[in-house]
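Welcome! Here is a short briefing to read alongside the sequence and the 3D view. Take your time and look up each residue as it comes along.

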Amino acid sequence: MSNFTPLSGLAGGLMIGAAAALLLLLNGRIAGISGIAGGIFSGAGEERLWRIAFVAGLVVGPLAVAAVTGDMPVVEIAAGWPLLIVAGLLVGFGTRLGSGCTSGHGVCGLARLSPRSLAATATFMIVAGATVFVVRHVIG
Amino acid sequence: MPRTVSALLIGMLFGAGLAVSGMMNPAKVLGFLDIAGDWDPTLAFVMGGALIVALPATLLARRRSRPVLAERFDLPAKKAIDLPLIAGSALFGLGWGLVGFCPGPALSALSTGLWQVALFVAAMLAGMLVFRLMRRT
């Protein structure tokens with residue numbers, strides 16, 4: 001557990017939870033990123049505009065953190081381009097078919113005590129864990 | 001307009017939270033998913049921290065008739081645990097495990113300007129578009 005950072009994890013988690021709480025109480029919406037991003041293609045007018053604004057905020061947020069701390073958050077990507085394309089397609093298609101991702105099912109759905117979101121979260125956690133196990137310990 | 005402004009600011013808070021938590025970094029997410037390796041439990045603390053705030057907010061929302069800036073709450077109506085839910089979640093889990101990016105962190109990581117992130121996000125949006133086109137036919 002050499003990379004374990006519980007305090008910054010908890011602090012960031014509280015911020016994510018606060019964002020989910022505010023989007024629900026102010027805008028009446030679930031902070032599911034795949035649903036918000038996917039809806040950009042189907043929505044129109046303000047229904048499309050608030051989604052674009054939210055995604056723009058997602059990109060600006062880390063820059064604001066970097067401006068305060070003086071360090072850009074670390075992003076390390078080991079995958080090459082073919083894997084990035086395949087994984088991106090799977091994540092995009094899968095989250096839309098499954099009606100949600102880590103935020104929509106994993107945070108908001110569990111907060112609503114939804115059995116549907118619990119089933120989805122258990123499924124993607126187990127499959128992702130199994131995938132990493134195969135890639136790192138069986139093939140690798 | 002107020003809803004768009006609040007969405008922008010809330011999106012910033014969400015993105016800042018992803019950056020602070022370390023979840024914007026796929027290497028760290030893969031460290032959580034790799035239970036058999038040098039396990040990094042941080043992601044569980046991120047979800048726990050998020051739930052500490054989101055759970056009471058959800059209970060509060062149930063007691064209100066409408067949100068502050070909109071006419072009504074727009075919440076998921078589906079209740080069934082069906083094949084699309086499980087199959088979609090499994091496909092997502094596979095993609096998540098291969099690279100370590102889920103949708104929120106991937107979009108936030110566009111802030112780094114790395115071409116790998118842009119490529120992943122382009123493929124992710126293409127996957128969403130494919131789903132939308134399949135739904136139409």
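Is R29(A) buried or exposed? R29(A) is buried, because its relative accessible area is 13%, and the cut-off for buried is under 20%. Please keep in mind that this is a predicted model.

**Chain A at a glance**

- Chain A has 6 helices and 0 strands, so if you follow the sequence you will read the pattern α-α-α-α-α-α.
- A box of roughly 50 × 40 × 30 Å, taken along the principal axes, holds the C-alpha atoms of chain A.
- Chain A has 140 residues, and 54% of them count as buried.
- Among the contacts in chain A with a separation of 6 or more, 32% are between residues 24 or more positions apart.
- The accessible surface of chain A is about 5700 Å², and carbon and sulfur atoms make up 73% of it.
- On the charged side, chain A carries 7 positive and 4 negative side chains, and the centres of these two sets are 15 Å apart.

**Salt bridges**

- Over all chains, the count of salt bridges is 7.
- One of the pairs is R29(A) with E47(A), whose closest N and O atoms are 2.9 Å apart.
- R29(A) sits in the loop between α1 (6-27) and α2 (33-42) of chain A, while E47(A) belongs to helix α3 (residues 46-69), so this pair ties together parts that are 18 residues apart in sequence.
- E47(A) counts as partly exposed because its relative accessibility is 23%.
- Another salt bridge brings together the side chains of R3(B) and E46(A), at 3.4 Å from N to O.
- This pair joins two chains, because R3(B) lies in helix α1 (residues 2-21) of chain B and E46(A) in helix α3 of chain A.
- R3(B) counts as buried at 17% relative accessibility, whereas E46(A) counts as partly exposed at 28%.
- Within chain B, the side chains of K28(B) and D40(B) form a salt bridge of 2.6 Å, N to O.
- K28(B) is in helix α2 (residues 26-33) of chain B and D40(B) is in the loop between α2 and α3 (42-62), so the two tie together parts that are 12 residues apart in sequence.
- Both K28(B) and D40(B) are buried.
- Salt bridges with shared partners also link R29(A), E47(A), R51(A) and D74(B) into one network.

**A nonpolar patch**

- Four residues, F133(A), V134(A), V138(A) and I139(A), make up a nonpolar patch on the surface, and together they have about 390 Å² of accessible area.
- You can find V138(A) in helix α6 (residues 115-139) of chain A.
- V138(A) counts as exposed because its relative accessibility is 54%, and the cut-off for exposed is over 50%.

**Positive phi angles in loops**

- S99(A) is not a glycine, yet its phi is positive, near 60°.
- The place to look for S99(A) is the loop between α4 (81-97) and α5 (104-111) of chain A, and at 34% relative accessibility this residue counts as partly exposed.
- L113(A) is not a glycine and has a positive phi of about 55°.
- L113(A) is part of the loop between α5 and α6 of chain A, and this residue is exposed, with a relative accessible area of 61%.

Methods. Residues numbered from 1 in each chain as written. Chains lettered and ligands numbered in written order. Predicted model: local features only at pLDDT ≥ 70, side-chain atom pairs only at ≥ 80, totals over all residues. Heavy atoms only, no water. Helix = DSSP H or I, 4+ residues; strand = E, 2+ residues; numbered from the N terminus. Buried < 20%, exposed > 50% of the residue type's maximum accessible area, 1.4 Å probe, protein only. Contact = heavy atoms within 4.5 Å. Areas by Shrake-Rupley, 256 points an atom, 1.4 Å probe, with all protein chains shown as cover. Lys, Arg positive; Asp, Glu negative; His and termini not counted. Charge placed at Lys NZ, Arg CZ, Asp CG, Glu CD. Patch = residues over 30% accessible without salt bridge, like charges linked within 9 Å, V, L, I, M, F, W, Y side chains within 5 Å.
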